[in-house]
Structures are given as C-alpha cells and as structure tokens.
Amino acid sequence: MKRQSLLVAKLGLIFLCWTTRASAEGAGKILYENNFEKTAVGKVPDDFLVLDGNFAVQESEGNKYLELPGAPLDIFGVLFGPTTNAGVCVSARLYGTGKGRRYPQLGVGLDGQNGYKLKVSPAKDAVELYRGDESLAAVPFHWKSGIWTMFKLQIRQTDGPAWKIEGKVWPQTETEPKEWTIALDEKTPPRPGRASIWGSPISGTPIRFDSLELTEATANGR
C-alpha cells in the first residue's frame, strides 16, 4: 500500500509539472523523457549509451532512479535521447551525499560526450560550464548534501551567428529561479550529439539520477 501511494504521488507530481509547463507562455515542447518506471531494477534503459560506469536502475520507497555506485572513483556518464545540436534544453534531478570533506561532482550535458556540460562542484562551492573537459565559466553556488538537486542546461541561437549556453541549478525543495544561474556566449556552432548525465562519486557514496527530460529551448527555460 505504501509503495502504491508513493508511486501515485510521483505520477501526480510529474503530471502537475507537465501541465504547469504546458500552460506557461513559451513552454518548450517535450522531445524526450524518462523517469525509469518502465525499466527493471538492475537494468539500464535500452536506448541509453553507457560511456563508462556501473549504472543500473534501483528502487527505494516506490521510486525508481538510475544509480551510479560510490566506487570506483572516476568520471562516469550516459548518453540518452535524440541527436541534436541547438535549440534544446536538458533537465534532470540528481542526488548525492558528501562524506567528511569529500563531495561528489554532478552534472548534465548536451551535444555528446565532448559537448557542453553543466556541473556542480561542491568542493569549489561553484557551478561550472564545461565544453568537453575544459571549464569555460564558473559562478558561486552552495550545494546541499542529501537532497535532490534540479539541473537545466540549454543551447539556443541568438541574433546573428552566435549561440547562448545557459544553465540553472537549484534544490528541489525550492522554486525554480527565473534567472539563469550561469550563462555563456559562443560564436562556434555546437556539434550534434545526444544529451547526457555525469557523476564522479568522490565521496564514495552512490549518485542518483531521475526525471530526465529534453525539451525545445525557450528564453527563460521554463
């Protein structure tokens, strides 16, 4: 009964978010979504490409999510969704915990393995925008251990031959901010690739991923 109630609550939350977004002016069309409810525990969705890491769907209190174990220590990622290069927004919620002075690194990405990534680096108290392995920009951000954190990254073309890379990060317990947390202007056209999720379990504890979604980009991402 508890499992059924929790599942109903999760589905209700998903429906509420969808209807709120769909009714909002300028809301982006959904291109892909996955909440892992249709994937068996211990497996990975068939359309996922695991770059490295022992990712597997797990379940707790009636909620399914993709989990990356706390060991070994490295940077691990998964590609998902259709191939795109701009005009898209990827969102997901990620969960990690710190241990002592060690913290995980969490993120989402667009345009494939070497594309743009939005990462939280708790050890630096920062949110960073990467292209491949290169950090392009950083702003202060205090990550909270042990709660789900919302991520949103988009690429859109602006006036002229330029592209805007924009990212938002906020605790699930708070309202989505209207302004982007971090942004970057690029003149080089983005390369086509799939969306991605990333984790580095530096703290030695598992990282969880859920509510993956790819939508059309909008000016404010909402």
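Trainee: How many cavities of 30 Å³ or more does a search of the whole structure find?
Mentor: The search finds one. A cavity is a set of points on a 1 Å grid over the protein atoms alone where a 1.4 Å probe fits but cannot get out. This is a predicted model, in which local features need pLDDT of at least 70 and side-chain atom pairs count only at pLDDT 80 or more, while totals for chains, interfaces and linings use all residues. Residues are numbered from 1 along each chain as its sequence is written, and side-chain values use heavy atoms, leaving out hydrogens and water.

Trainee: How much space lies in the largest cavity?
Mentor: About 30 Å³, a volume being the space filled by probe spheres set on the points, which are joined across faces, edges and corners.

Trainee: Which residues line the largest cavity?
Mentor: The lining consists of I75, Q105, L106, G107, K119, W198, G199 and S200, where a lining residue has an atom within 4 Å of a point.

Trainee: Which strands supply at least two residues each?
Mentor: β7 (105-110) and β14 (193-200) do; strands are DSSP runs of E, at least two residues, numbered from the N terminus.

Trainee: Turning to V108, what is it in contact with, leaving aside neighbours within four places in sequence?
Mentor: Its contacts (heavy atoms within 4.5 Å) include V90, Y116, L118, F151 and W198.

Trainee: And where does I30 lie?
Mentor: I30 belongs to strand β1 (residues 30-34). The C-alpha atoms of I30 and E213 are separated by 7.4 Å, although the two are 183 residues apart along the chain.

Conventions
Helix = DSSP H or I, 4+ residues; strand = E, 2+ residues; numbered from the N terminus. 1 Å grid on protein atoms, 1.4 Å probe; cavity = no way out; pocket = protein on both sides within 12 Å on 5 of 7 lines; lining within 4 Å.
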